Amino acid sequence: ISKEKSSQILEKFKIKLDDTVLFSLSGLRPLKGLEYLVRAMPKIINEFPKTKLILVGKSDEYEKYIRTLVNSLGLDKNVDFVGFITDDDEKIVLLRRTDIFCKPSILEACSIAILEAMREGAVVVASVPGGIDIITDNKNGLLVEVKNSEDFADKTIKVLKDKNLRIKIETEAREHVKNFDIKKIASQYVSLYKSVNYENSHTV
């Protein structure tokens, strides 16, 4: 991806050079636990005022709930709802620019999004259900208690303040992800999804 294209993508998403970027690629569904991430934002912003959280995906009721929560906490200028990202270059550029990749899931199988983030060298902060099968805490990422906004904020602030820890995690993450075949895992998910849909459609 050229420097020019990268700059255009960052401009499209209104990301400035001095922004602290938090990125969630999980989609807007209740099991993704995004309310706990949003509730962590005021504490993070207190330490890093130019923090920008990018939320990917669309939904109906849950998105309304998250937007209302963002508004009630006065975070409108710090949280961007960007809809779906279908362009791989956009996703890669955002992952490479991201300071913290956020995964506050309440329930999650092996996360393709975490693996993609690690491959691009992003620091991942994930809830235990979201990252336990991929992340070793304080080694190739940071694990937080599920449904715990305070812990999410504290771990995020910790790694943003500690440059050496951040470099260590980024390096370990890039190495660790080599143990996973992301395309193979993704195709297995697609096959599983299709088989479940088939069974459901043929159940009386």
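Okay, let's start with helix 4: Glu90, Lys91, Ile92, Val93, Leu94, Leu95 and Arg97 are buried there. Buried here means under 20% relative accessible area, with exposed over 50% and partly exposed in between, using a 1.4 Å probe and protein chains only. Helices (H or I, at least four residues) and strands (E, at least two) are DSSP runs, numbered from the N terminus.

Before I go on, some housekeeping. This is a predicted model, where local features need pLDDT of at least 70, side-chain atom pairs count only at pLDDT 80 or more, and totals for chains, interfaces and linings use all residues. Residues are numbered from 1 along each chain as its sequence is written, and side-chain values use heavy atoms, with hydrogens and water left out.

Back to helix 4, residues 88-97. Seven of its 10 residues are buried, so the helix is largely enclosed by the rest of the structure. What covers those buried residues? The cover includes helix 1 (3-12), strand 1, strand 2, strand 4 and helix 5; contact means heavy atoms within 4.5 Å. At the N-terminal end of helix 4 there's a cap from Asp87, with a side-chain oxygen 2.8 Å from the backbone nitrogen of Asp89.

Two strands pair if DSSP finds at least two bridges between them.

Let's look at strand 1. Five of its five residues are buried, so strand 1 is largely enclosed by the rest of the structure. Thr20, Leu22 and Ser24 are on one side, Val21 and Phe23 on the other, and both faces are covered. In general, side chains in a regular strand alternate between the two faces of the sheet. Strand 1 pairs with strand 2 over five bridges, and Ser24 stands opposite Leu55 there. With strand 4 it's two bridges, and Leu22 has Ile100 as its bridge partner.

Further along, strand 4 (residues 100-103) and strand 5 (residues 123-127) pair over four bridges, with Lys103 opposite Ala126.

Last topic, aromatics. How many aromatic pairs do we count? Two, where rings of Phe, Tyr and Trp (its six-membered ring) pair if their centres lie within 6.5 Å; planes under 30 degrees apart are stacked, over 60 edge-to-face, and the rest tilted. Phe23 and Phe101 are edge-to-face, 6.2 Å centre to centre with 85 degrees between the planes. That pair links distant parts of the chain, strand 1 and strand 4, 78 residues apart. Both Phe23 and Phe101 are buried. Tyr62 and Tyr65 are tilted, at 6.1 Å and 50 degrees. They're three residues apart in helix 3, so about one helical turn separates them. Tyr62, at 9% relative accessibility, counts as buried, whereas Tyr65, at 37%, counts as partly exposed.

Conventions:
A polar contact is a pair of N or O atoms within 3.5 Å; within protein, one must be able to donate a hydrogen and the other to accept it, and residues adjacent in sequence count only if both atoms are side-chain atoms.
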